[in-house]
Amino acid sequence: MTAPDHSRFPPAPTWLEINLGAVRRNTAAVLRHTGQPLMAVVKADAYGLGAAAISRAALEAGAAWLAVARCSEGLELRRAGIQAPILVFGMAVPAEVDAALANNLTLTLYNRESADLIAQRAAALGLTARVHLKVDTGFGRMGALPDQALDLAGYAQCLGGIQLDGLYSHLAMADEAPDHPLTRQQIERFTGVLAALRAAGHDPRWVHLSNSAAAFLLPEAHFNLVRTGSALIGLLPAYFLPLPAELERAVTWKALIADTKALPGGWAVGYGQTERPEPGEAIGVLSVGYGDGFRRAPGNVVLVHGRRIPVIGRVSSDLTTLRLPPGFPPAREAVLIGRQGQEAIYAEELAKRWGCSQSAVLSGISPRVPRVYLEE
Ligand SMILES: *Cc1c(COP(=O)(O)O)cnc(C)c1O
């Protein structure tokens, strides 16, 4: 009897493979496409893929900036030794603002309260805080309204200790609908605010409005910095278009089939006993569940031997059961996201099934799923 080769096993029963080569090439592709400096958006741990690894790959490929949503995320990148400029999109709270400023994170100025906090702590620390002013041009979320932006810039200037280094806004419809009238309106309002700031003597060095969709579809929204998250990791920049030919998918999610067996006649599967195998079918016991981020929803499928295999019964916390057709060859590995043979399941398909966004699918993959970095 020969001993089984245990060295060929993956690090865990379910794991993510992230192709950093693809991230690098995607970064270069966006830079080529826009001709403008790039801000790599690595919030939410780079949509769950690992902010430090994705940041390094993007910076090596030419990104100039990074962006995160929370100060804590920016500080983690600093602790990882990353020195590139980092913009924090979200609010800073008093408990974190000193560390943010001391570590040279660029904060978002969006109302008077944010100006007061930043100015007060900058003065206490004896430094000048660089900020980017966020304008709400129609998203209806965070940011100064267009007719208040100039006022806010003046207010921050009077407080002192704040340097207005950038101006930005975010598009609400660019990735959802082509030629939506709001997108045009947002670009116009943004251009108007920029002109008003300049006329009043403010000169934000970095001006940015584009997300991944606008990077590919709206050159008039590029200004002098383009923010992309999705495009760098090979998610669709816009839901209404296929992946641009110059981008590559960077993520594969796999799980091992722990066991395969035929159930005795009359047996049903799992919590609630909702489904029964047909005669001749076996079940595959797949090592992934909603505790890993594989959500319970109707219509789940995975790839095994390059075929779409349906889930049978309910997804549980740590296990999922597959309906294997009669005579199905023994199998060890299933692909939940990615390509296998001629078939593929990508994050946008899961997003549709689960009623969420493609980045939410990836962000929802829990920390217990190891991230394995490949260079292909
Ligand atoms: C998340 C985010 C982005 C990145 O969007 P993608 O579509 O993933 O490129 C850009 N800007 C802001 C403000 C964001 O919150």
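These legends describe close-up views of a predicted model and its ligand. Local features need pLDDT of at least 70, side-chain atom pairs count only at pLDDT 80 or more, and totals for chains, interfaces and linings use all residues. Residues are numbered from 1 along each chain as its sequence is written, and side-chain values use heavy atoms, with hydrogens and water left out.

**View 1. The shell around the ligand.** Val41, Lys43, Tyr47, Phe89, His170, Asn211, Ser212, Arg227, Thr228, Gly229 and Ser230 surround the ligand, each with a heavy atom within 4 Å of it. Three of these residues are nonpolar, six polar and two charged; here Tyr counts as nonpolar and Gly as polar.

View 2. A polar contact is a pair of N or O atoms within 3.5 Å. At Gly229, a polar backbone atom is 2.9 Å from an oxygen atom of the ligand. The ligand taken alone exposes 390 Å², of which the protein buries 90% (Shrake-Rupley method, 1.4 Å probe).

**View 3. The two domains.** The protein chain is assigned domain 1 (20-233) and domain 2 (251-345), with bounds from an automatic or database assignment. Their C-alpha centres lie 42 Å apart.

Key:
A polar contact is a pair of N or O atoms within 3.5 Å; within protein, one must be able to donate a hydrogen and the other to accept it, and residues adjacent in sequence count only if both atoms are side-chain atoms.
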